[in-house]
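Dear colleague,

I am handing over the structure below, and I would be glad if you could look through it with my notes beside you. They begin with pairs of charged side chains and then turn to a helix and some rings.

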Amino acid sequence: MPTPKKRERKTLARNRSARHEYSIEETFEAGVVLKGTEVRSLRERPCQITDAFCLIRNGECWLHGVHIHPFSHGTIFNVDSDRKRKLLLHRRQIDYLDGKLRTKGMALVPLELYFDEHNRVKMVIGLGRGKKLYDKRADMAKRDSDREIARALKERNRR
């Protein structure tokens, strides 16, 4: 009897600039509290999370700045596309993140939004420290040198 095929996660949005702006130290997976038309809208077309950020207020984690387009076949039940949404994390995780965010330069940044194996909307958030301009330049120089090394090795293996 064949084994059932495990579903892969379907990425909806990825924050590519986050790893450029922040050095990510830890990542956490969080559930996102959404209304029904928002989930349908996410199935219809992707959302935008590049300007999004997370805050911890009153022992809860909130997601700000995510734009989910209104559902095309929605009626009066469409909600505000730029509203703040609650993130579902364990109490210990929220307390840990709250303590870390009190240090200077730390931020909670959304990295990826996706549907998991059970078709639930999840978000990967990263605890990161803001990079200075010289850090960004050093990362770009390292990436360029790694690319040159890979090219040279590939060329050497061809011969």
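The structure holds 15 salt bridges, a salt bridge being a side-chain nitrogen of Lys or Arg within 4 Å of a carboxyl oxygen of Asp or Glu. Please keep in mind that this is a predicted model, in which local features need pLDDT of at least 70 and side-chain atom pairs count only at pLDDT 80 or more, while totals for chains, interfaces and linings use all residues. Residues are numbered from 1 along each chain as its sequence is written, and side-chain values use heavy atoms, with hydrogens and water left out.

One of the salt bridges joins Arg129 to Glu25, with 3.6 Å between the closest N and O atoms. Because Arg129 belongs to strand E7 and Glu25 to strand E2 (residues 22-32), this pair ties together parts that are 104 residues apart in sequence; helices (H or I, at least four residues) and strands (E, at least two) are DSSP runs, numbered from the N terminus. Arg129 is partly exposed at 36% relative accessibility, and Glu25 is partly exposed at 45%, where buried means under 20% relative accessible area, exposed over 50% and partly exposed in between (1.4 Å probe, protein chains only).

Asp139 and Lys131 also meet through their side chains in a salt bridge, at 2.3 Å from N to O; here Asp139 is partly exposed at 31%, whereas Lys131 counts as buried at 18%. In the salt bridge of Asp98 with Arg102, the N to O distance is 3.2 Å, and Arg102 is exposed, with a relative accessible area of 66%. Arg9, Arg14 and Glu112, in turn, are linked in a network of salt bridges.

Which residues of helix H2 (residues 36-44) are buried? They are Thr37, Glu38, Ser41 and Leu42. Seen down the axis of H2, these residues fall within an arc of 140°, so they line one face of the helix, the arc being that of the directions from the helix axis to the C-beta atoms. The buried residues of H2 pack against strands E1 (10-14), E5 (85-88), E6 (106-115) and E7 (121-130), contact meaning heavy atoms within 4.5 Å.

Finally, the charged end of Arg43 sits over the ring of Phe115, 4.5 Å from its centre, and Lys84 lies over the face of Trp62, at 5.0 Å from the ring centre. A charge sits over a ring if NZ of Lys or CZ of Arg is within 6 Å of the ring centre and within 35 degrees of the ring normal.
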